[in-house]
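Student: I would like a close look at one part of this model, with the cut-offs spelled out as you go.

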Amino acid sequence: MNINIKDILTLDDNKTYVVAGKVFYEEKYYYYLIDKNNYQNKLCCYEDKDELVKVKNNKLIIKLLPLFLKSIKEALQIDNFK
């Protein structure tokens, strides 16, 4: 899969999400997704072959949040120079 920050995805729940963050952690890619039509609805997923699987482990999500923030900051800095 080639998913990047700012990509738009439609998942099996028929909702459209914006990729807000992407990190590589412990040999997996993780994504922070925000529902395009309801910003209150957010998902943390990881890539497993050609599927995105929802992360259900809250301790893992807490570890990933600062990493997502860093990835978002880096993406914004790159975009400022375009």
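Student: In which sense do β4 and strand β5 pair, and over how many bridges? Please take the surroundings of that pair into account as well.

Tutor: This is a predicted model, in which local features need pLDDT of at least 70 and side-chain atom pairs count only at pLDDT 80 or more, while totals for chains, interfaces and linings use all residues. Residues are numbered from 1 along each chain as its sequence is written, and side-chain values use heavy atoms, with hydrogens and water left out.

β4 and β5, the latter spanning residues 51-54, pair in the antiparallel sense over 4 bridges; two strands are said to pair if DSSP finds at least two bridges between them, and the elements themselves are DSSP runs numbered from the N terminus (helices are H or I of at least four residues, strands are E of at least two). The two strands form a hairpin with 2 residues between them, and K49 in the turn has a positive phi of about 60°. Across the pair, Y46 stands opposite V53 in β5.

V55 is in contact (heavy atoms within 4.5 Å) with Y30, C44, C45, Y46, L60 and I61, once its neighbours within four places in sequence are left aside. V55, C44 and Y46 are also among the 12 residues of the largest nonpolar core, a nonpolar core being a set of buried Ala, Val, Leu, Ile, Met, Phe, Trp, Tyr and Cys residues joined through side-chain atoms within 4.5 Å. Here buried means under 20% relative accessible area, as against exposed at over 50% and partly exposed in between, with a 1.4 Å probe and protein chains only. At least two residues of this core come from each of β2 (16-25), β3 (28-35), β4 (42-48) and α1 (58-80), and α1 gives the largest share, 4 residues. Apart from this core lies another, of 9 residues, including L43 and L33.

The cysteines deserve a separate word. The structure holds 0 disulfides, a disulfide being a pair of cysteine sulfur atoms within 2.5 Å.
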